[in-house]
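Here is a brief report on one protein model.

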Amino acid sequence: MTRSTHTLTLDQGTLDVTVDLFGQEGRPFLLLHGGGGPGTVTPFAGVLAEQRPARVFTPVHPGFDGTARPEWLADVTTLAQVYAQLLDVLDLRDVAVVGNSIGGWIAAELAALGSPRISSVTLVNAVGIPVPGHPIADTFSLTPVELSRLSFHDPSKFRFDPSKLTEAQRAVMAANRATLQLYSGPHAMADSTLPDRLAKISHPTLVAWGASDQVVDADYGHAYAQAIPDAEFRLLEGTGHMPQTETPEQFLPVLWDFAEAHTTDRPRH
């Protein structure tokens, strides 16, 4: 893994974005982490780069893990603009965009911008839309242990002991939580205007969903897929809110096969 920092300039101002890269050659993936921070995707990024010919770019959402966030960057739509600019600065093409949880929301907003650099989009247990009768769990009111019970098919494999955290780790978690609350907006992880933008997405899109997720249930996932023209829906059994963490061996081939099927840069013979 190599880490780099890129200075981006948008209409709103200038900011630095930290990006970790796994793999040196192969098709590019932009992997967007969820509210738990970069650690929710870092192990999977390594596995993907090791087991497939892939370069996996995993940016740290500004404000997470001690990174700086300018005041003007305070919502998901603007963060999507940041990542559209990042693809330009990195000069990436044929990019498979992947996002989990709020990272899925960011990926959806990025797809709605219509960047020609993107070849496919995979939304993994994404949040961002209101679905009547299927509310998003109020994660901010839960303890880490309670959240784990909702997030995993088998929470016993992901036991969390807050007493073992250092003061520095507690500070990072608190800062990450505050940043997540800011990005999630006043309506807690849902934007009523997002479905209108989803309807304009033209990139091939896969909505992949852990069947045991109790943060956002599978019916919520079906509604997400229905909001995007021609999106495919794939239910992943025996896994929860973070398939890339809980069952990477199941999720990886699903992601790879979809990305490969929709590459825009395949050699012609």
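## Overall fold

How many helices and strands does the protein have? The protein has nine helices and eight strands; both are DSSP runs, numbered from the N terminus, with helices being H or I of at least four residues and strands E of at least two. The radius of gyration is 17 Å, close to the 18 Å of the globule rule for 269 residues, so the protein is as compact as a globular protein of that length. That radius is taken over C-alpha atoms, and the rule is 2.2 Å times the number of residues to the power 0.38.

The C-alpha trace spans about 55 × 40 × 40 Å along its principal axes.

## Basis of the model

This is a predicted model: local features need pLDDT of at least 70, side-chain atom pairs count only at pLDDT 80 or more, and totals for chains, interfaces and linings use all residues. Residues are numbered from 1 along each chain as its sequence is written, and side-chain values use heavy atoms, leaving out hydrogens and water.

## Burial and contacts

Of the 269 residues, 51% are buried (under 20% relative accessible area, 1.4 Å probe, protein chains only). Among contacts (heavy atoms within 4.5 Å) with a separation of 6 or more, 75% join residues 24 or more positions apart.

## Helix 5

Helix 5 covers residues 167–184. Its buried residues are Asn176, Thr179, Leu180, Tyr183 and Ser184.

Gly185 follows helix 5, with a positive phi near 85°.

Conventions:
Expected span 1.5 Å × (residues − 1). Buried < 20%, exposed > 50% of the residue type's maximum accessible area, 1.4 Å probe, protein only.
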